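This report goes through one protein model, from its strands to its charged side chains. Keep the structure in view while reading.

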Amino acid sequence: MTRASALVFATAGWLAATTAALAGAGDYPLVQALEARVTLGDTSITSKVTVSVDRLMEENRLKRVTDALKHGGYPNFFTALRMLPPIGWVEVNKRRVELRYAREDQRPSGRRLILVADKPMFFLGDPAKAKPGFELTVIELNIDAKGAITGSMAGAARVKPSLEGDVILEDYAEALVTLSSSPR
């Protein structure tokens, strides 16, 4: 095999691997209106949430914020996150916060998308009891093979690293909101 042939095969292999990796990811930009439901005591609230993701994070930025979380905890993650450019937004009732973290994982049943905004979207319940330090909005969306979406949203939250080093919800201020792409 000549050197040129080896280079062609190596390039073809790299291109095939890259194409396969991209084919597994969702299509972006993604804009999705979702139904949001939450129950606090004897009160149930239903609303609409719109999520818009322009693109997933670049690997170097993802590494920067996950390393900050892993080695410096929530305060360092929060500082590193705020320095990133917005990659989308989430809106509820004409209030919008910018997303700065977006990571997608492939699952046997579809894909999971984790989104984080660097500001809280809302505090449910008594505003006087808003907890300091709950400064993020965290959204988890599970998208099945047919495109149906279920998930959750914490309007005021903190995060921690998972065992794999990813971002996971540590705690939330009041109540977790359930999300779905169609009424149940």
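Strands β5 and β6 run antiparallel and are joined by eight bridges. In this predicted model, one place to look at the pairing is L115, whose bridge partner in β6 is I139. Strand β6 also pairs with β7, again in the antiparallel sense, and this pairing has seven bridges. Here I143 has I149 in β7 as its bridge partner.

β6 and β7 form a hairpin with four residues between the strands. G147 belongs to the loop between β6 and β7, and its phi is positive, near 95 degrees. Is G147 buried, partly exposed or exposed? Its relative accessibility is 38%, and G147 therefore counts as partly exposed. G147 and R111 are 36 residues apart in sequence, while their C-alpha atoms are 9.6 Å apart in space.

Strand β1 covers residues 30-40 and strand β2 covers residues 43-53. The two run antiparallel and are joined by 11 bridges. L30 stands opposite V53 in β2. How many residues lie between β1 and β2 in their hairpin? There are two, and G41 in the turn has a positive phi of about 60 degrees.

Strand β2 is also joined to β3, which spans residues 88-92. Five bridges connect β2 and β3, and these strands run antiparallel. Within this pairing, V51 has V90 in β3 as its bridge partner.

In soluble globular proteins, nonpolar side chains tend to be buried together. The largest nonpolar core of this model has 47 residues. Helix α2 gives the most to this core, with nine residues.

Which residues have the most contacts inside the core? They are F77 and Y101. Setting aside neighbours within four places in sequence, Y101 is in contact with F77 itself, and also with M57, L62, V65, T66, L81, I87, I114, L115, V116 and V167.

## D118 and its surroundings

D118 is placed in the loop between β5 and β6. At 3% relative accessibility, D118 falls under the 20% limit and therefore counts as buried. Leaving aside neighbours within four places in sequence, D118 is in contact with F78, L81, R82, E98, R100, E135 and L136.

D118 forms a salt bridge with R82, and the closest N and O atoms are 3.4 Å apart. D118 lies in the loop between β5 (110-117) and β6 (136-144) and R82 in helix α2 (residues 59-82), so this pair ties together parts that are 36 residues apart in sequence. R82, E98, R100 and D118 are linked in a network of salt bridges.

## Other salt bridges

The model has 13 salt bridges by the rule used here. One of them is formed by the side chains of R111 and E104, at 2.7 Å from N to O. Both residues of this pair, R111 and E104, are buried.

Another salt bridge is made by the side chains of E170 and R158, with an N to O distance of 3.6 Å. What does this pair tie together? E170 lies in strand β8 (residues 167-172) and R158 in strand β7 (residues 149-161), so the pair ties together parts that are 12 residues apart in sequence. E170 is partly exposed, with a relative accessible area of 40%. R158 also counts as partly exposed, at 24% relative accessibility.

How values were computed: Residues are numbered from 1 along each chain as its sequence is written. This is a predicted model: local features need pLDDT of at least 70, side-chain atom pairs count only at pLDDT 80 or more; totals for chains, interfaces and linings use all residues. Side-chain values use heavy atoms; hydrogens and water are left out. A salt bridge is a side-chain nitrogen of Lys or Arg within 4 Å of a carboxyl oxygen of Asp or Glu. Buried means under 20% relative accessible area, exposed over 50%, partly exposed in between (1.4 Å probe, protein chains only). Contact means heavy atoms within 4.5 Å. Two strands pair if DSSP finds at least two bridges between them. A nonpolar core is a set of buried Ala, Val, Leu, Ile, Met, Phe, Trp, Tyr and Cys residues joined through side-chain atoms within 4.5 Å.
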